[in-house]
Structure formats: structure tokens, C-alpha cells
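Q: Could we go through this model together? I would like to start with the overall picture and then turn to individual residues.

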Amino acid sequence: MNINPEFQSPQRPNFEDVMAEGMDFLFQKFILPQTEKLDQDDLETVSLIGVAFKDIASQAEAYHQMYEDKENDISRN
């Protein structure tokens with residue numbers, strides 16, 4: 001196995017940023033073009049899904065930070 005000691009791994013993207021980008025893509029590509037066909041219940045459901053996705057991404061980022069902090073504590077011992 002050939003390991004390059006000068007390899008720099010790209011920084012891990014923030015889960016909240018990735019979710020925001022994904023949600024924006026889905027909105028622009030799929031939801032916005034269909035807006036005229038959606039009724040009030042559909043729009044409320046899409047909004048609820050968006051809020052849930054943001055909450056999931058926020059919790060995932062917090063969990064990752066917590067896990068990363070634990071790893072740093074363990075490696076210091």
C-alpha cells in the first residue's frame with residue numbers, strides 16, 4: 001500500500017450546510033416549478049419537512065461535534 005504522507009484530507013463539510021444546499025436544490029428543481037399545482041396542505045407539508053430536515057441536520061452536526069470532542073479527549077490520554 002502506498003500512502004502519501006503529504007496527503008491533506010479535505011475538511012469535512014458541515015451537516016447543516018450540506019442539508020441547506022440539498023434542500024435548496026430540491027426546492028429550485030422540483031418544488032418551485034410545481035408551486036402552482038400545490039394546494040395549501042401541500043405547501044404546509046413541504047414546510048414541515050423542511051423544518052424537520054433542518055432539525056435533523058442540526059442534531060447530526062451536534063452529535064458529530066460531541067463525538068469529535070470525545071475522540072480528542074481519548075487521544076490526549
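The conversation below covers the fold, a charged pair, one histidine and the surface.

Q: Before anything else, what kind of model is this?
A: It is a predicted model, in which local features need pLDDT of at least 70 and side-chain atom pairs count only at pLDDT 80 or more, while totals for chains, interfaces and linings use all residues. Residues are numbered from 1 along each chain as its sequence is written, and side-chain values use heavy atoms, with hydrogens and water left out.

Q: How many helices and strands does the chain have?
A: The chain has two helices and zero strands. These are DSSP runs numbered from the N terminus, with helices (H or I) of at least four residues and strands (E) of at least two. Helix H1 covers residues 15-31, and helix H2 covers residues 40-76.

Q: And how much of the chain is buried?
A: Buried residues account for 6% of the 77 residues. Buried means under 20% relative accessible area, exposed means over 50%, and partly exposed is in between (1.4 Å probe, protein chains only).

Q: Which residues form a salt bridge?
A: Arg12 pairs with Glu61, and their closest N and O atoms are 2.9 Å apart. The pair links distant parts of the chain, 49 residues apart: Arg12 is in the segment before H1 and Glu61 is in helix H2. A salt bridge requires a side-chain nitrogen of Lys or Arg within 4 Å of a carboxyl oxygen of Asp or Glu. The structure holds one.

Q: Are those two partners buried or partly exposed?
A: Glu61 counts as buried because its relative accessibility is 7%, whereas Arg12 is partly exposed at 29%.

Q: What else does Glu61 touch?
A: Leaving out residues up to four places away in sequence, Glu61 touches Arg12, Asn14, Phe15 and Glu16. Contact means heavy atoms within 4.5 Å.

Q: Changing topic, why does His64 count as buried?
A: His64 counts as buried because its relative accessibility is 19%. His64 belongs to helix H2 and, apart from neighbours within four places in sequence, is in contact with Arg12 and Phe15.

Q: Now the surface: which residues make the nonpolar patch?
A: Phe25, Leu26 and Phe30 make a nonpolar surface patch of about 320 Å². Patch residues have over 30% relative accessible area and no salt bridge; nonpolar side chains (Val, Leu, Ile, Met, Phe, Trp, Tyr) are joined within 5 Å, and like charges within 9 Å. Accessible areas come from the Shrake-Rupley method with a 1.4 Å probe, and for residues only the protein chains shown count as cover. Leu26 lies in helix H1 and is partly exposed at 39%.
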